[in-house]
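Trainee: Before we discuss this entry, may I see the sequence and the coordinates together?

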Amino acid sequence: MLENAASSTLMQAAQALRSGGLVAFPTETVYGLGADASQPDAVERVFRIKGRPFQDPLIVHCASMQQTFNYISESATDWQRSVHQALGQRFWPGPLTLVLPAHESRIAEAVTGRTGWVGLRCPNHPIALAFLEFCDRPVAAPSANLFGHVSPTTAKHVFDDFPHVDNLWIVDGGACGFGIESTVVRINATSTLEVLRPGGVGRAEIVQCLVEAGLFKDSEAGFRQVLLKERFVKESVAMPALDAPGQLLVHYAPRIDCQMVSWVDGTEQTSPSELVSSEHLKKTVLIDFEGRFSLISARAGAYCDLSRAGSSLEAAQNLFAKLRWAENFATTDLEQWRIWIADPKQFDDMQTNEIFLALSDRIFRSASGRRIKICITPDSGQVFASIHSQ
Ligand code: TXA
Ligand code: MG
């Protein structure tokens with residue numbers, strides 16, 4: 001059921017959640033699939049309908065920073081508490097998830113994936129905040145998509161992934177403003193932080209905030225204390241030893257083949273390349289950035305640009321919707337279609353822009369890390385492609 005997000009509707013949706021139901025709701029990043037985090041059956045249903053492995057923990061959404069204090073273990077150190085407070089005050093409500101030792105008796109154990117840690121976030125979206133307030137309890141919510149599929153940035157995307165699920169509320173709040181998921185940061189007891197997933201809040205901002213709060217000595221020391229979790233590069237959904245949940249490479253994947261593509265000058269071409277036939281191009285959806293591939297746009301099956309102006313914010317807002325748009329070109333002949341998406345690596349001047357880096361992470365995962373290079377012969381205009389390893 002799709003509903004407009006009037007207050008009375010939100011109250012009913014909150015009531016449905018309190019009675020053990022599931023409610024998808026908008027946030028500034030992506031839509032979440034919410035359940036009462038204190039009800040094990042409701043939480044289990046979230047995992048089941050998503051097809052999500054049980055060891056991958058869910059973020060607990062709260063209406064205020066005050067509420068988040070309830071879910072932190074008494075064993076958390078002073079440093080962990082101070083960092084929580086400093087970052088929460090600066091960035092909440094906003095696209096930042098803080099992972100802290102969990103108060104395990106206040107949330108179902110499936111929420112933490114039995115890790116002993118809980119991810120906490122206050123989303124910056126008026127509907128989400130009103131809804132969470134009406135719920136008046138912790139709301140566990142992963143992104144509202146089938147496991148491994150592209151995250152949803154509209155209510156329609158949620159509906160498309162769960163058309164047959166009974167008693168699922170979907171609160172329609174329009175398109176999400178930011179468009180990619182929150183930065184996930186674990187606050188370790190050892191006075192270090194780990195960025196488990198890059199997002200809207202960058203590492204430099206985090207370091208600066210903690211230096212200002214006197215929790216890191218100086219920026220340089222701070223940068224050493226905020227570690228970046230490396231991308232998990234196994235192309236597999238087998239989950240057993242998942243030390244950094246959410247780091248699976250096959251994540252955000254569209255239903256058709258997707259590869260990152262970069263443009264090379266004919267003279268730079270070193271590896272063996274193959275001619276790309278015009279039939280092949282006609283079944284290729286090209287997702288561009290900054291008009292890099294506009295020369296061949298008319299020959300592709302479909303073409304769009306994440307941001308013609310080269311804005312990483314605009315591109316982040318568009319990415320998931322464009323991936324879903326692209327996969328819909330293939331109706332029956334899925335295996336014949338493919339997506340070529342501009343390889344973020346080729347944009348040298350963007351490599352220090354933290355929003356762009358978060359965007360690059362999602363593009364990398366959508367393509368399961370696969371890259372090709374293409375070149376066009378200047379005389380005949382033919383397109384050649386070669387597989388490009390990392
Ligand atoms: O922006 C967002 O974060 C969205 C909106 C709905 O809030 N939520 C979202 O949830 O993206 P999900 O479940 O799709 O991704 C959450 C990520 C996962 O990679 C999960 O492994 C990680 O956060 N995470 C959550 N709780 C954790 C914990 N206790 N320890 C380590 N990682 C955790
Ligand atoms: Mg997700």
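**Ligand contacts, loops and helix packing**

Trainee: How far does a polar side-chain atom of H61 lie from an oxygen atom of ligand 1?
Mentor: This is a predicted model, in which local features need pLDDT of at least 70 and side-chain atom pairs count only at pLDDT 80 or more, whereas totals for chains, interfaces and linings use all residues. Residues are numbered from 1 along each chain as its sequence is written, chains are lettered from A and ligands numbered from 1 in the order in which they are written, and side-chain values use heavy atoms, with hydrogens and water left out. A polar contact is a pair of N or O atoms within 3.5 Å; within protein, one must be able to donate a hydrogen and the other to accept it, and residues adjacent in sequence count only if both atoms are side-chain atoms. For the H61 side chain and an oxygen atom of ligand 1, the distance is 2.6 Å.

Trainee: How many residues surround ligand 1?
Mentor: A residue is near the molecule if one of its heavy atoms lies within 4 Å of it. The closest are T29, D56, H61, S143 and S182, and the number surrounding ligand 1 is 25.

Trainee: The peptide bond from W92 to which residue is cis?
Mentor: Omega of this bond is near -5 degrees.

Trainee: What is the value of phi in N167?
Mentor: N167 is found in the loop between α6 (155–161) and β8 (168–172). Its phi is positive in a residue other than glycine, near 55 degrees.

Trainee: Are α10 and α11 roughly parallel or roughly antiparallel?
Mentor: Helices (H or I, at least four residues) and strands (E, at least two) are DSSP runs, numbered from the N terminus; axes are lines fitted to C-alpha atoms, for helices over the stretch in contact, with angles from 0 to 180 degrees between N-to-C directions. The axes of α10 (312–327) and α11 (354–366) come within 9 Å and cross at roughly 20 degrees. Angles under 35 degrees count as roughly parallel, over 145 as roughly antiparallel, 65 to 115 as roughly perpendicular and the rest as oblique. The pair is therefore roughly parallel.

Trainee: Is α1 parallel or oblique to α5?
Mentor: Helix α1 (7–18) and helix α5 (126–135) pack with axes 8 Å apart, at an angle of about 50 degrees. That angle makes the arrangement of α1 and α5 oblique.

Trainee: Is the crossing of α4 and α7 left-handed or right-handed?
Mentor: The axes of α4 and α7 (203–212) come within 10 Å and cross at roughly 120 degrees, which makes the two helices oblique. A crossing is left-handed if the near helix is turned anticlockwise from the far one by less than a right angle, and right-handed if clockwise. For α4 and α7 the crossing is right-handed.
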